[in-house]
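User: I have a chain open in the viewer and would like to talk it through with you. Could you start with whatever you would look at before anything else?

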Amino acid sequence: MNANAIINDDMSLEEKLQAISDAMEQAQAEANEKAAQNGQIAAPIDPASLTICDGCE
């Protein structure tokens with residue numbers, strides 16, 4: 001992913017953060033869809049969540 005494609009110098013910090021968040025959300029959705037087609041589960045954006053048991057979350 002090219003950062004210059006989603007943010008530019010004319011954007012405020014909030015706009016830049018939102019653009020990054022939106023791009024990450026879109027990438028995760030695409031990964032989830034691709035994994036589901038193969039009968040798998042895509043890794044979450046935060047890999048640390050894989051180290052915590054479901055009961056501890």
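Analyst: I would begin with α2, which has 25 residues and reaches 36 Å from its first C-alpha to its last, close to the 36 Å expected at 1.5 Å a residue. Please keep in mind throughout that this is a predicted model.

User: Okay, and which residues of α2 are buried?
Analyst: The buried residues of α2 are A19, A23, Q28 and A35, and what covers them includes α1, the helix that runs over 3-6.

User: What about L17, how exposed is that one?
Analyst: L17, which also has its place in helix α2, is partly exposed, because its relative accessible area of 45% falls between the 20% under which a residue is buried and the 50% over which a residue is exposed. The C-alpha atoms of L17 and I7 are separated by 8.8 Å, with the two residues 10 apart along the chain.

User: Let's switch to the other helix. Is N4 buried or exposed?
Analyst: N4, which is found in helix α1, counts as exposed, since its relative accessibility is 66% and the cut-off for exposed is over 50%. Between the C-alpha atoms of N4 and I20 there are 11 Å, and these residues are 16 apart along the chain.

User: Zooming out, how many helices and strands does the chain have?
Analyst: The chain has two helices and zero strands. Its radius of gyration is 15 Å, well over the 10 Å that the globule rule gives for 57 residues, so the chain is more spread out than a compact globule.

User: What box do the C-alpha atoms fill?
Analyst: Taken along the principal axes, the C-alpha atoms of the chain fill a box of roughly 45 × 30 × 10 Å.

User: Last one, then: what share of the residues is buried, and what is the accessible surface?
Analyst: Buried residues make up 9% of the 57 residues in the chain, and the accessible surface comes to about 4800 Å², with 52% of that surface belonging to carbon and sulfur atoms.

Key. Residues numbered from 1 in each chain as written. Predicted model: local features only at pLDDT ≥ 70, side-chain atom pairs only at ≥ 80, totals over all residues. Heavy atoms only, no water. Helix = DSSP H or I, 4+ residues; strand = E, 2+ residues; numbered from the N terminus. Rg over C-alpha atoms; globule rule 2.2 N^0.38 Å. Buried < 20%, exposed > 50% of the residue type's maximum accessible area, 1.4 Å probe, protein only. Areas by Shrake-Rupley, 256 points an atom, 1.4 Å probe, with all protein chains shown as cover. Expected span 1.5 Å × (residues − 1). Contact = heavy atoms within 4.5 Å.
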